[in-house]
Amino acid sequence: MVKNPTDEVRHLRQSDAVWLCAARRAPFWIMPKDQPAYRPYVVLVQEQDSQLIRQTHTQDERPTPESICQMLVKAMRSPLLGPILSPLLGFGSRCRPARIL
């Protein structure tokens with residue numbers, strides 16, 4: 001049985017924040033010597049009001065809905081700079097957003 005990823009963050013405080021999540025091809029090319037050039041995918045989670053980046057990830061292959069869900073869970077559990085440094089430097093704390101767009 002597959003574990004529900006939202007069970008991992010259900011205990012976190014829910015904020016009134018709105019997060020934007022987008023997965024797009026990067027605006028740059030990777031050009032390895034032994035392979036053809038390609039554009040990787042970038043997944044970005046941003047808090048809408050503060051415009052703070054909650055999480056970012058770059059990968060070679062198109063992200064699946066499951067991988068995006070896992071990234072959102074990671075952004076809730078551990079903001080970009082980790083649960084200790086993020087609040088100290090103003091990058092948010094562990095929480096669930098009110099909405100994800």
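Guide: Start at V18, which stands opposite R99 in β4. Strands here are DSSP E runs of at least two residues, numbered from the N terminus. The model is predicted: local features need pLDDT of at least 70, side-chain atom pairs count only at pLDDT 80 or more, and totals for chains, interfaces and linings use all residues. Residues are numbered from 1 along each chain as its sequence is written, and side-chain values use heavy atoms, with hydrogens and water left out.

Visitor: In which sense do β1 and β4 pair, and over how many bridges?

Guide: Two strands pair if DSSP finds at least two bridges between them. β1 (residues 18-25) and β4 (residues 99-100) pair in the parallel sense, over 2 bridges.

Visitor: In which sense does β1 pair with β2?

Guide: Antiparallel, over 7 bridges, with β2 covering residues 41-47. C21 stands opposite V45 in that strand, β2.

Visitor: Now charges. How many salt bridges does a search of the whole structure find?

Guide: Side chains of opposite charge can pair when their charged atoms come close. A salt bridge needs a side-chain nitrogen of Lys or Arg within 4 Å of a carboxyl oxygen of Asp or Glu. The search finds 2. One joins R10 and D7, with the closest N and O atoms 2.9 Å apart. The side chains of E47 and R54 also meet in a salt bridge, at 3.5 Å, N to O.

Visitor: Are E47 and R54 buried or exposed?

Guide: Buried means under 20% relative accessible area, exposed over 50%, partly exposed in between (1.4 Å probe, protein chains only). E47 is buried at 16%. R54 is buried at 1%.

Visitor: Why does R10 count as exposed?

Guide: Because its relative accessibility is 52%. D7 has 41%, so D7 counts as partly exposed.

Notes: Helix = DSSP H or I, 4+ residues; strand = E, 2+ residues; numbered from the N terminus.
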